[in-house]
Amino acid sequence: MEGATNAWELEGTVLIACNCDYGCPCNFNARPTHGNCEGGWTWHVDRGRYGDVPLAGITFCVFVQWPGAIHEGNGEALILVDERADQAQREAVGTLVGGDVGGPWGILGWTWPTVHGPLAVPFELELAGLDSRLRVGEHVELELEPIRNPVTGAEVHPGAVLPEGLIVKRAEFGSSKLYRVRNGISFDHTGRYVAIGPFSYAGP
């Protein structure tokens with residue numbers, strides 16, 4: 001498809017998880033906590049389309065192992081899309097995350113030259129703010145929970161407004177009660193940074 005037929009727009013909720021400390025230095029243009037990044041994003045589309053292909057209700061994710069900071073590249077990615085998507089929807093998601101039509105993937109896509117997928121797999125997603133849960137076949141397990149005060153154990157509820165944010169402009173910050181990725185790439189970073197917030201992208 002060329003020209004205006006390539007127009008697309010997506011709105012919904014994005015879940016973010018990585019191996020950094022709470023808050024994630026990348027949000028503030030600092031280096032990742034441990035020098036490398038093992039993280040990713042899950043997008044659930046409430047409203048959207050790619051050209052004439054409707055994408056409302058579709059969920060997909062990108063998880064990546066980068067040897068250093070994201071902007072230094074050389075990452076290895078696992079890209080997954082809900083198996084309930086039809087062939088046209090899967091192709092649309094593949095085009096979007098490929099980075100050639102803009103959005104956050106147009107800026108980040110070059111940082112993961114090695115790609116597993118996109119793979120169509122079963123998604124189980126329960127959106128409930130900082131109690132959200134995600135299971136993606138045998139590939140991903142992610143459970144969010146609020147951060148707790150280390151002295152009192154009381155829940156705390158930080159967040160951030162990120163006007164220049166690529167993925168999200170406003171997010172609630174939490175902790176990963178469970179965060180495992182395997183098959184293609186593999187890591188376990190339970191008890192680290194997570195975030196959830198609304199997203200709205202469009203292009204070209």
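Trainee: What does the accessible surface of the protein chain come to, and what percentage belongs to carbon and sulfur atoms?

Mentor: About 9,300 Å², with 50% belonging to carbon and sulfur atoms; the area comes from the Shrake-Rupley method with a 1.4 Å probe, and for residues only the protein chains shown count as cover. Keep in mind that this is a predicted model, where local features need pLDDT of at least 70, side-chain atom pairs count only at pLDDT 80 or more, and totals for chains, interfaces and linings use all residues. Residues are numbered from 1 along each chain as its sequence is written, and side-chain values use heavy atoms, leaving out hydrogens and water.

Trainee: Why is Pro-146 called buried?

Mentor: Buried means under 20% relative accessible area, exposed over 50%, and partly exposed in between (1.4 Å probe, protein chains only). Pro-146 has 10% relative accessibility, so it counts as buried. Across the protein chain, buried residues make up 50% of the 204.

Trainee: What makes the place of Pro-146 a loop?

Mentor: Strands (E, at least two residues) and helices (H or I, at least four) are DSSP runs, numbered from the N terminus. Pro-146 sits between strand S9 (140–145) and strand S10 (147–148).

Trainee: Which residues is Pro-146 in contact with, leaving aside neighbours within four places in sequence?

Mentor: Contact means heavy atoms within 4.5 Å. Pro-146 has such contacts with Leu-130, Asp-131, Glu-155, Val-156, His-157 and Ser-175. As for Thr-59, 87 residues away along the chain, its C-alpha atom is 23 Å from that of Pro-146.
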